[in-house]
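Here is a friendly first tour of a protein model.

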Amino acid sequence: MIKNFFRTAWRNLIKSPSHSFINIAGLSVGMAVAMLIGLWIWSELSFDKNFDNYNRIVQVMQTETHNGQINTAKGNVIPLAMELREKYPNNFKYVVLSSWSMNSLVAAGEKKISTQGNYMEPDAPDMLSLKMIAGSRNSFKSPSSVLLSRSTAKALFGDNDPLGKLIKIDGEINEKVAGVYEDFPQSSSFKEVSFIAPFFDLASWVKGNENNWYNNSFQVFAELSERADINKVSEKIRTIKIGKIDAQTAKLENPQMVLFPMYRWHLYSEFKNGVNTGGAIQYVWMFAVIGAFVLLLACINFMNLSTARSEKRAKEVGIRKAVGSLRSQLIGQFFSESILTAVVAFIVALQLTILALPFFNSVSGKQIAPPWGNINFWLIGISFSITTGLLAGLYPALYLSSFQPVKVLKGSFKAGNAAATPRKILVVTQFTVSVVLIISTIIVFKQVQFAKSRPTGYNKQGLITMVMRTYNYHNNLLNIRNDLLKQDAITEMSESSTPITENDHFSNGFSWEGMDAKQSAKFNMVGVTPEYGKTVGFEFVEGRDFSRQFATDSSAIIINEAAAKYIGFKKPVGRTIKHYDKNYTIIGVIKDVVMESPYEPVKPTIVNLDSTIGGIMNIRLNPGMQTATALAKVAAVCKKYSPEEPFDYSFADEEYAHKFADEERVGKLSVVFAALAIFISCLGIFGMASFMAEQRVKEIGVRKVLGASVYDLWQLQSKEFVIMVIISLLIATPVAYYFMRNWLQNYQYRTNLSWWIFVAAGFGLLLITILTVSYQTIKAAIANPVKSLRSE
């Protein structure tokens, strides 16, 4: 019987090719979207699961109270690791100190590469369950040993055996290659780590901080013991730092340790006022809902088109019942048709997914590949297609199998409003989902553009930054500057402790006249050379810039507007601020510079002169010279003073643009999914319009004979769809407003929900609907009425 069901289903499928095409096209697109989103969600949810002890790895973070806010940071102190190992040996299997090296120059002989790595303690390979290709994890415990990723070993040594070979990091740290490990996967928090070097070989940073409970420049990772409860252990160590620092600082800052588990690093990375509030998980839920709704739209098409053809299938049902078919058998027949359609659509969807994956990966920033060899993938896929077929065929099967054979065979059966009303509800649902997606997409892009148009407080154009990996550039800064100025390649250059597009350096210990004794002040700090303000293009509100002509500028500072507001001086220029035991005079106030998130308020920042920086070299290219020519001259001069260092640079405007990557990615994906949702809806509307025109063909013929114009007939048939669009707008507008208003609450610097967005979305959908319906309605209106009335 089942074989007969599917044979009959196949015949019905090829009997109505246009109907079948619309159903298969809609379902295949909907299933392809659901598959792409499913693969993306799986990639997000499986982040960091490559580690054997994924559930037990934690990062020890800390909260401190500054400027009236509780801040949560990854930075921690070196002695904390020893304290945890000695006092809580039963709770921690491993405790590992870490310091990231974001831009390192790694050299093996004449071969040099710029890469990222991590300085870690000897237990790191075991904690991170490194998959060793050469050497062993234990070999990292030998002094001055380094582990390289496979790709880094290949880049430095080619096909030669790297074990035992010497490398130099940043021109000063000599290490011996003790092992090679498999590269971390892209779905890993350590994916950028291309080498792991001994933590205490980082002498310039570590020396003098072994017992310093105030320098939070490092990170602490740990693996909990098998029986340890993360909440209980976190509570045990919560106040461990308070007894190690002075009472005044402890009272004002109230530092508290928090164990942050690896399984929350990627999707729950945001903290607000000391509370873990979420993160990228919001996008996982958002796209899961979008995928489900897009698939639902395709299922609605199937339901609508199947029930719209009810009068054509009515006699078939009546005859089958008259010759003894049970309703359950008819339901089985209709389900077999929907399942067969879904299976065919699934096969087409697989092809669409393969074709779309390269584009999808480029937009989503992923490297997703279908797991063809995974049996679970195929089981889920087959179950998915059958479930989709059952969902799409449920209402048509129950509806069509309920026809009474007596009414059908007497010719008195008419579908009427009982069938039309559910179809209208489903169409309104389609329109509602489409409008919500359109509105959401517009708001996402409006938020991105709003943040992009925010004044940055400096001039991004023509500004490049270079990481100084050795002290060659620092020691020859003035010589490099003079050479480039003579060649007119630049207008100015300087050094700074951080790039203009980021700042994770901060300090406390500040005080000033009139400061609240209960207040704990923390300021972002930027150490610079005197030419920095002119190089980046500071915009001064009052006061002046640093100058080499004033020896007193060594004890001068420049503050931003946020700092001026926080300190509370009415006229800050000339006033004094104390930093621990040293007094600094404010010589200038600049407009707020957006160095961190463009969606958040600018933090209070202090800029001071520092002659020992050696961090970032900032260069303002001459706008009167072609960029390529200017860069070539800069490269030549840099090579002259530091021949072993590669000429690596980045444009400030490009680095700033990267800050919008996540939101732009969400916006682009939303555009794609909204467009596909509209496409599926249009397929359904097109099919519905064709069937409605077919059902009313004689009515249209009579009206035309009686003098109705083409416009009158077009209006008659389009009115019903226009009304459904208007109803959907009334439903979608408050729904979209509610969800997008909540989404915008994640950003302190955010756009407003303008009324024109909702009007534009509604007008756009109305226009698309009218254009889609018009083809069928005008085709029916201009048809010769003789053909439709000849049988009367």
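The buried residues of helix α16 pack against α15 (472-475), β15 (490-496), β24 (616-621) and α19 (627-641). Which residues of α16 (residues 477-486) are buried? They are Leu477, Ile480, Arg481, Asp483 and Leu484. Seen down the axis of α16, these buried residues fall within an arc of 165°, so they line one face of the helix. The arc is that of the directions from the helix axis to the C-beta atoms. Buried means under 20% relative accessible area, exposed means over 50%, and partly exposed is in between (1.4 Å probe, protein chains only). Packing here rests on contacts, that is, heavy atoms within 4.5 Å.

A word on the model itself: it is predicted, so local features need pLDDT of at least 70 and side-chain atom pairs count only at pLDDT 80 or more, while totals for chains, interfaces and linings use all residues. Residues are numbered from 1 along each chain as its sequence is written, and side-chain values use heavy atoms, leaving out hydrogens and water.

Helix α7 (residues 230-237) has Ile230, Val233, Ser234 and Ile237 as its buried residues. They cover an arc of only 100° around the axis, which puts them on the same side of α7. An α-helix has 3.6 residues a turn, so residues three or four places apart point the same way. On the other side of α7, Asn231 and Lys232 are exposed. The buried residues of α7 pack against β1 (57-66), α3 (79-87), β3 (92-108), β10 (219-224) and β11 (256-261).

**Helices that cross**

Two packed helices are described by the angle between their axes and the distance between the axes. Axes are lines fitted to C-alpha atoms, for helices over the stretch in contact, and angles run from 0 to 180 degrees between N-to-C directions.

The axes of α23 (residues 710-744) and α24 (residues 755-781) come within 9 Å and cross at roughly 155°. That makes α23 roughly antiparallel to α24, a label for angles over 145 degrees. α23 passes α24 in a right-handed crossing, meaning that the near helix is turned clockwise from the far one by less than a right angle.

Helix α22 (residues 697-705) also packs with α23, at an angle of about 145° and with the axes 10 Å apart. The crossing of α22 and α23 is right-handed. Here Glu699, Ile700, Arg703 and Lys704 in α22 meet Leu713, Leu716 and Gln717 in α23.

Most residues other than glycine have a negative phi.

**A buried serine and the whole chain**

Ser28 is found in helix α2 (residues 17-45). Is Ser28 buried or exposed? Ser28 is buried, with a relative accessible area of 3%. Leaving aside its neighbours within four places in sequence, Ser28 is in contact with Ala345, Val348, Ala349 and Leu352.

The protein chain has 25 helices and 25 strands. These are DSSP runs numbered from the N terminus: helices are H or I with at least four residues, and strands are E with at least two. Buried residues make up 51% of the 792 residues in the chain.

Definitions and conventions. Angles under 35 degrees count as roughly parallel, over 145 as roughly antiparallel, 65 to 115 as roughly perpendicular and the rest as oblique.
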